[in-house]
Amino acid sequence: MDTLEISKLEGAIEAILFTMGDSVELGKIAAAIGHDENTTKKIIRQMMDKYASEDRGVRILELENSFQMCTKKEMYEYLIRIARQPKRHVLTDVLLETLSIIAYKQPVTKLEVEKIRGVKSDHAVNKLVEYNLVCETGRLDAPGRPLLFGTTEEFLRRFGVQSVDELPVMNPEQVETLKTEAEEEVQLKLDI
């Protein structure tokens, strides 16, 4: 491909991502520009590098097998001057704890979350669904067919990871420390 053709394809990809607003699957972008997925991914990654090296106000974000155009974080202060500050959802400790369980155990039922947390989790799960960080992913093939929950693309976007595989892994020592602390806390409550 010559430079002129690549430039034209970059323009088409830029137009697609800008117009769609949300993430667009690689396959759909490839079909739209008339090239295979590998070639399309190479062009998009070159665009990502260009956007990163230049003082551009936007960047292209890769989310699993999709791409999305978004504003660079560094430009937020300029946007705030022209638009009122968007409402930020506050993630309390309870919501973060519930979200962590869902992120690491997904797909997971509300009952499984409650067993791990030791308390009812209806409110926390409902809030996470409302914030679009968690969604229903299906039903468990068990009596009552309980709903299964998993994280959303918005979760990936907010936490700056391309997939749940990039979430940090706790080392065994941390797990043992947390287990010990939880057991001590339970024993303390039982003694009171």
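Residues are numbered from 1 along each chain as its sequence is written. In this predicted model, local features need pLDDT of at least 70 and side-chain atom pairs count only at pLDDT 80 or more, whereas totals for chains, interfaces and linings use all residues; side-chain values use heavy atoms, with hydrogens and water left out.

Helices (H or I, at least four residues) and strands (E, at least two) are DSSP runs, numbered from the N terminus. Helix α1 spans residues 3–20 and packs against α2 at an angle of about 130°, with the two axes 10 Å apart. Axes here are lines fitted to C-alpha atoms, for helices over the stretch in contact, and angles run from 0 to 180 degrees between N-to-C directions. The helices α1 and α2 are therefore oblique to each other; angles under 35 degrees count as roughly parallel, over 145 as roughly antiparallel, 65 to 115 as roughly perpendicular and the rest as oblique. The contact (heavy atoms within 4.5 Å) involves L9, A12, I13, I16 and L17 of α1 together with I29, A32 and I33 of α2. By class, the contact of α1 with α2 comprises eight nonpolar, no polar and no charged residues. In this classification Ala, Val, Leu, Ile, Met, Phe, Trp, Tyr, Cys and Pro count as nonpolar, Asp, Glu, Lys and Arg as charged, and the others, Gly among them, as polar.

Residue I33 lies in helix α2, which covers residues 26–33. When residues up to four places away in sequence are not counted, I33 touches L9, A12, I13, I16 and T40. Between I33 and E136 the separation is 103 residues in sequence and 33 Å in space, C-alpha to C-alpha.

Helix α1 also meets helix α3 (residues 37–53), their axes coming within 10 Å and crossing at roughly 80°. Helix α1 is thus roughly perpendicular to α3. On the α1 side the contact is made by I6, L9, E10, I13 and E14, and on the α3 side by I43, I44, Q46, M47, K50 and Y51. Seven nonpolar, one polar and three charged residues make up the contact of α1 with α3. The contacts of E10, not counting residues up to four places away in sequence, are I43, Q46, M47 and K50.

A further helix pair is formed by α5 (residues 93–105) and α7 (residues 122–130), whose axes come within 9 Å and cross at roughly 80°. Here V94, L95, T98, L99 and I102 in α5 meet A124, V125, K127 and L128 in α7. The contact of α5 with α7 has seven nonpolar, one polar and one charged residues.

Strands β2 (residues 58–63) and β3 (residues 66–71) pair in the antiparallel sense over six bridges; two strands pair if DSSP finds at least two bridges between them. L63 stands opposite S66 in β3. The hairpin of β2 and β3 has two residues between the strands, and E64 takes a positive phi near 50°. Two bridges join β4 to the antiparallel strand β6 (residues 147–151), and V108 stands opposite F149 in β6.
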